[in-house]
Structures are given as C-alpha cells and as structure tokens.
Amino acid sequence: MKADIHPAYHMIKVVMTDGTSYETRSTWGSEGQTMNLEIDPKSHPAWTGGNQQMMDRGGRVSKFKKRFEGLGL
C-alpha cells in the first residue's frame with residue numbers, strides 16, 4: 001500500500017440540532033473541531049416520518065391508478 005495517501009483521521013465533536021453532542025472519528029476538519037449539524041435524524045422528515053404527499057403532475061398518478069385498478073392493490 002502506498003504511504004501518505006490517506007486523509008488524516010482524528011476525533012471531532014458533533015453537535016445535533018437539539019444541542020446534544022457526541023465525539024466521533026472523522027476526516028472532516030482538524031483534531032478537536034466541532035461540527036454543528038443543521039439537519040439530523042431527530043429533526044429531518046426523511047427519518048421522522050413527516051408528511052408525505054403524492055403529487056399528481058400531468059395526471060401520472062391518476063393514470064397509474066387507472067391502469068392498475070383491477071389488481072386489488
């Protein structure tokens with residue numbers, strides 16, 4: 001393996017949106033820096049199951065439903 005090709009791997013502090021924090025190893029920043037998250041699994045709808053809406057653009061959803069209405073889905 002080649003020498004000196006890997007990035008520096010060190011300890012950083014990660015602060016979540018609610019103020020909780022933890023320490024982890026990362027290649028981001030430098031030793032001892034703090035990463036403040038704007039989005040995290042506690043607040044983002046992708047992880048919390050936020051509102052999901054099916055938008056019908058150009059009649060695609062209604063076309064799909066009409067095509068497969070007899071399958072009992």
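Student: Is phenylalanine 68 buried, partly exposed or exposed?
Tutor: Phenylalanine 68 is partly exposed, at 27% relative accessibility (buried is under 20% relative accessible area, exposed over 50%, partly exposed in between, with a 1.4 Å probe and protein chains only).

Student: What kind of model is this, and how are residues numbered?
Tutor: This is a predicted model, where local features need pLDDT of at least 70, side-chain atom pairs need 80 or more, and totals for chains, interfaces and linings use all residues. Numbering starts from 1 along each chain as its sequence is written, and side-chain values use heavy atoms, without hydrogens or water.

Student: Back to the rings. How many aromatic pairs are there?
Tutor: The count is one (Phe, Tyr and six-membered Trp rings pair with centres within 6.5 Å; planes under 30 degrees apart are stacked, over 60 edge-to-face, the rest tilted).

Student: Which residues form the aromatic pair?
Tutor: Phenylalanine 64 and phenylalanine 68, in a tilted pair. Their centres are 4.8 Å apart, with 50 degrees between the planes.

Student: New topic. What is the strand order in the sheet?
Tutor: The order is S2-S1-S3, in an open sheet of three strands with mixed pairing (strands are DSSP E runs of at least two residues, numbered from the N terminus; two strands pair with at least two bridges).

Student: Which strands stand at the edges?
Tutor: S2 (21–26) and S3 (34–36). Each has a single partner strand, so one side of each lacks a neighbour in the sheet.

Student: How many bridges join S1 to S2?
Tutor: Six, and the two strands run antiparallel. S1 covers residues 10–15. Isoleucine 12 has threonine 24 in S2 as its bridge partner.

Student: What about phi at aspartate 4?
Tutor: Phi is positive there, about 60 degrees, although aspartate 4 is not a glycine. Aspartate 4 lies in the segment before S1. Aspartate 4 is exposed, at 82% relative accessible area.

Conventions:
Helix = DSSP H or I, 4+ residues; strand = E, 2+ residues; numbered from the N terminus.
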